Amino acid sequence: MASMFDRLDTNHDGVISRAEFNAMTAAPAPYAGSTFASSTQIGAPMAMTSAVTTAPPITMAAAPAVTMTAPAAPMMTAAPAPMAASYTAAPVAASYTAPSAMTTMAAPAPNAFLDNEDSFGEAERIFRSQYDITEVLGEGTYGKVRKARDRQTGEFRALKQMKLNNRDEGVPSTAIREVAILKELNHEHIVKLYDVFCKPGELVLVFELCDTDLKKHMRALGGRLQPRQVRDFTQQLLRGMEFCHANRIIHRDLKPQNLLIDSNSLQLKIADFGLARAFSLPIPQYTHEVVTVWYRPLEILLGSKIYSIPVDMWGVGCILAEMATGSPLFAGDSEIDTAFKIFMKLGTPTEAQWPGLSELPDFKPTFPKWAPKGWANIRNTQQQIGATGVDLLDQLMRYNPATRISARGALQHAYFA
Ligand SMILES: Nc1ncnc2c1ncn2[C@@H]1O[C@H](COP(=O)(O)OP(=O)(O)OP(=O)(O)O)[C@@H](O)[C@H]1O
Ligand SMILES: [Mg+2]
């Protein structure tokens, strides 16, 4: 059977048509083994909770490593593996648990109801009857995130409803990535995906509910967090990122809005894996347009086609500084404006600092030359995070990605001692 991830690799920013989905998912393959295509059956009418199973439920993914058509399909190979040049593979964090009980699904008779509108309707009715949907929590690229209460258990959930513009065009690969990645990642600092519902034109992801995100949380506190809280959130974020990176997942879109916060426990959870991507060696050329512009590292802003997990570490640095001072560090209105805002604070980079800089596609020798300001002169960063925090920030925000600190290295930094 063709793997969906073969398609993703060749067409990773496109969409999979419904017909393609059905072709990919229609093979009478057994559900054991959990290829994403056969285990999630996007394109086929279904709701994946055990509550709606009509046939014996099959527990998905008993182990994190799943059978895929490797090596062309790196998405689901969850075993720790060597990383980019300067990064050594980190073993999976101790708190990792195999995503065995995440969800169970109906095992429909192969091909029985693909493209059958009645079955879609019935699956949808069953799915919708499980939840009382209330207020809107947030809005994103594809649709709204709403609060919902599970009628059976009384538990609250966040439903991310993604409207797919053209009913016949299929599911965007960003949504597929989010499902595929979250299905494999089970960690206290990564938002938990409980359930997936899909029908033509719509995909609903059911997540654990958090009360707020970091951006809203900071705004509610008038912009600033206490130094102890800045350190604690940074540590939680790094733990989640260490786990992602150990599992060969680059998030690529770290920003305060994508970090969910439980305001009682002050637990932080990384969300929105829509742009995330599993990486394999050799490092493939990822699409250029990825990280939201303010949190983008220079290697992306200057057009590098080859980048890897250090992009996330730059994002962690931006978020640490933003938590400390209450405002985004490099709030540019374009890529070049953001690059210049970086230069003005951290100094215009030099070839000595970052060998290969002048070969980057968008580098210009005519860039204005700014000297580094020093963190002591960048708002109140130094007062908020102290000398050790500033040292960590320096290492997170190294221009040369090969010398940027890893999540594992950062967790061992004196700032957290
Ligand atoms: N599980 C959740 N609990 C509480 N609020 C959530 C949850 N998931 C999302 N939200 C809220 O909804 C907002 C949008 O969600 P999310 O970032 O997942 O999607 P998105 O923004 O559509 O994706 P993108 O950033 O690619 O546009 C978040 O910033 C957050 O405020
Ligand atoms: Mg988002």
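Let's start with a hairpin: strands E5 and E6 form one, with four residues between them. A word on the labels. Helices (H or I, at least four residues) and strands (E, at least two) are DSSP runs, numbered from the N terminus. Two strands pair if DSSP finds at least two bridges between them.

Now the ground rules. This is a predicted model, where local features need pLDDT of at least 70, side-chain atom pairs count only at pLDDT 80 or more, and totals for chains, interfaces and linings use all residues. Residues are numbered from 1 along each chain as its sequence is written, while chains are lettered from A and ligands numbered from 1 in the order in which they are written.

E5 and E6, residues 144-150, run antiparallel and are joined by six bridges. In this pair, Ile133 faces Ala148 of E6.

Next, the ligand. What surrounds ligand 1? Its shell holds 20 residues, and the closest are Gly138, Gly140, Thr141, Ala158 and Asp272. Here a residue counts as near a molecule if its C-beta atom, placed from the backbone, lies within 6 Å of it. Three strands each give at least two shell residues: E5 (131-139), E7 (156-163) and E10 (202-208). By class, the shell has ten nonpolar, six polar and four charged residues. Nonpolar means Ala, Val, Leu, Ile, Met, Phe, Trp, Tyr, Cys and Pro; charged means Asp, Glu, Lys and Arg; the others, Gly among them, are polar. Domain 1 (4-51 + 114-208) and domain 2 (212-416) each supply at least three shell residues. Those bounds come from an automatic or database domain assignment.

Look at E10. E7 pairs with E10 in the antiparallel sense, over seven bridges. Met162 has Leu203 as its bridge partner there. E9, residues 193-199, also pairs antiparallel with E10, over six bridges. Asp195 stands opposite Val206. E9 and E10 form a hairpin with two residues between the strands, and Gly201 takes a positive phi near 90°.

Why is E10 called largely enclosed by the rest of the structure? Because five of its seven residues are buried. Buried means 20 or more other C-beta atoms within 10 Å of a residue's own, again placed from the backbone.

Last, Ile181. It sits in helix H5, residues 173-184. Ile181 is buried, because 24 other C-beta atoms lie within 10 Å. Beyond its neighbours within four places in sequence, Ile181 is in contact (C-beta atoms, placed from the backbone, within 7 Å) with Ile249, Phe273 and Ala276. Ile181 and Phe273 are 92 residues apart along the chain, yet their C-alpha atoms are separated by 7.2 Å.

Definitions and conventions. Buried ≥ 20, exposed ≤ 12 C-beta atoms within 10 Å, placed from the backbone. Contact = placed C-beta atoms within 7 Å.
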